[in-house]
Amino acid sequence: GNDGNTAILNSSGVTMEDASGATIGTTTWRNLVAPPFATSRQVGVANTRLTDSTWGALTLTGTTTVRGGVTATQTGFTIPTAGTYRVDGTAIYRVTAVAPIGAAIMVNGMVTNDSPFAYAASMNGVWSMVSVSDSITLAAGDVVTVAGYQNLGGPANAQGYSITLQYVSAL
């Protein structure tokens with residue numbers, strides 16, 4: 001039964017070596033104990049004034065939880081460790097017209113053609129939400145937030161948001 005591989009357990013984590021001593025895998029305690037995680041949400045407050053037909057970062061002023069080295073400001077979550085993250089974002093609206101509204105995951109102040117995004121039609125006078133979710137590759141130091149979009153013909157407020165990010169794996 002012994003394949004010649006060795007598992008080394010130390011204060012940094014667990015390392016697997018093959019019979020020749022070459023490292024074939026490492027897992028740090030950080031990945032096992034406290035992976036990066038953050039969540040923030042707020043509903044029913046005129047959160048961010050959005051310019052017509054332009055993506056805008058929603059201000060993170062609601063209840064926020066961070067751990068695993070993630071830091072939070074009103075402009076977003078700063079990523080501590082490069083890797084793949086699961087990011088879920090929702091923009092919430094209550095407007096008095098039927099028009100396109102949207103949500104996107106914004107990284108470093110940008111929504112690009114590669115950014116996860118979604119559009120929907122608002123409902124006149126009714127709470128409307130647009131949600132987006134994807135696994136994305138992020139670098140240490142990237143700032144991530146949820147962005148809103150509206151095309152009502154003039155400025156309009158987002159009435160809330162939610163965003164959650166969770167570390168999935170190393171690069």
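**Figure 1. Aromatic pairs in the predicted model.** Six aromatic pairs are found when the whole structure is searched. One of them joins Trp-55 and Tyr-149 in a tilted arrangement, with 5.3 Å from centre to centre and 45° between the planes. This pair links distant parts of the chain: Trp-55 sits in the loop between strand E4 (37–50) and strand E5 (56–57), while Tyr-149 belongs to strand E13 (residues 143–150), 94 residues apart. Tyr-149 has a relative accessible area of 12% and is therefore buried. Phe-117 and Tyr-119 form an edge-to-face pair, with centres 5.5 Å apart and 70° between the planes. The model is a predicted one.

**Figure 2. The aromatic cluster around Trp-55.** Trp-55, Phe-117, Tyr-119 and Tyr-149 make up one aromatic cluster. How accessible are its members Phe-117 and Tyr-119? Phe-117 has 40% relative accessibility and counts as partly exposed. Tyr-119, at 45%, also counts as partly exposed. Tyr-149, in contrast, is buried.

**Figure 3. Surroundings of Gln-42.** Gln-42 is a residue of strand E4. With a relative accessibility of 16%, Gln-42 counts as buried, because the cut-off for buried is under 20%. Its side chain makes a polar contact of 2.8 Å with the side chain of Thr-61. Residues up to four places away in sequence aside, Gln-42 touches Asn-47, Thr-61, Gly-62, Ile-92, Gln-159, Gly-160 and Tyr-161.

**Figure 4. Surroundings of Thr-145.** Thr-145 lies in strand E13 and is buried, at a relative accessible area of 2%. Beyond residues up to four places away in sequence, Thr-145 touches Ala-57, Leu-58, Leu-60, Thr-75, Gly-76, Ala-104, Ile-105, Met-106 and Ile-163.

**Figure 5. Strand E10 and its two partners.** Strand E10 (residues 100–107) has eight residues, six of which are buried, so the strand is largely enclosed by the rest of the structure. E10 runs antiparallel to strand E11 (residues 117–121), and five bridges join the two. Within this pairing, Ile-101 has Ala-120 of E11 as its bridge partner. E10 also pairs with E13 in the antiparallel sense, over seven bridges. Here Ala-104 is bridged to Ala-147 of E13.

**Figure 6. The largest nonpolar core.** In soluble globular proteins, nonpolar side chains tend to be buried together. The largest nonpolar core of this model holds 26 residues, and Val-87, Val-144, Ile-163 and Leu-165 have the most contacts inside it. Two or more residues come from each of E4, strand E9 (83–94), E10, strand E12 (127–138), E13 and strand E14 (156–169). Which of these elements gives the most to the core? E14 does, with five residues. Leu-165 is in contact with Pro-36, Phe-37, Ala-38, Val-70, Phe-77, Ile-79, Tyr-85, Arg-86, Val-87 and Val-144, leaving aside neighbours within four places in sequence.

**Figure 7. The open five-stranded sheet.** Five strands form an open sheet in the order E6-E4-E14-E9-E12, with antiparallel pairing. Strand E6 (63–67) and E12 stand at the edges; each has a single partner strand, so one side of each is left without a neighbour in the sheet. On average, neighbouring strands of this sheet are turned by 20° against each other, direction ignored. Within the sheet, E9 and E14 pair in the antiparallel sense over nine bridges. Asp-88 has Thr-164 of E14 as its bridge partner.

Figure 8. Ser-53 is not a glycine but has a positive phi of about 60°. Ser-53 is in the loop between E4 and E5, which also holds Trp-55. Ser-53 is partly exposed, with a relative accessible area of 37%. Asn-108, also not a glycine, has a positive phi of about 55°. Asn-108 lies in the loop between E10 and E11. At 43% relative accessibility, Asn-108 counts as partly exposed.

How values were computed
Residues are numbered from 1 along each chain as its sequence is written. This is a predicted model: local features need pLDDT of at least 70, side-chain atom pairs count only at pLDDT 80 or more; totals for chains, interfaces and linings use all residues. Side-chain values use heavy atoms; hydrogens and water are left out. Rings of Phe, Tyr and Trp (its six-membered ring) pair if their centres lie within 6.5 Å; planes under 30 degrees apart count as stacked, over 60 as edge-to-face and the rest as tilted. Helices (H or I, at least four residues) and strands (E, at least two) are DSSP runs, numbered from the N terminus. Buried means under 20% relative accessible area, exposed over 50%, partly exposed in between (1.4 Å probe, protein chains only). A polar contact is a pair of N or O atoms within 3.5 Å; within protein, one must be able to donate a hydrogen and the other to accept it, and residues adjacent in sequence count only if both atoms are side-chain atoms. Contact means heavy atoms within 4.5 Å. Two strands pair if DSSP finds at least two bridges between them. A nonpolar core is a set of buried Ala, Val, Leu, Ile, Met, Phe, Trp, Tyr and Cys residues joined through side-chain atoms within 4.5 Å. Axes are lines fitted to C-alpha atoms, for helices over the stretch in contact, and angles run from 0 to 180 degrees between N-to-C directions.
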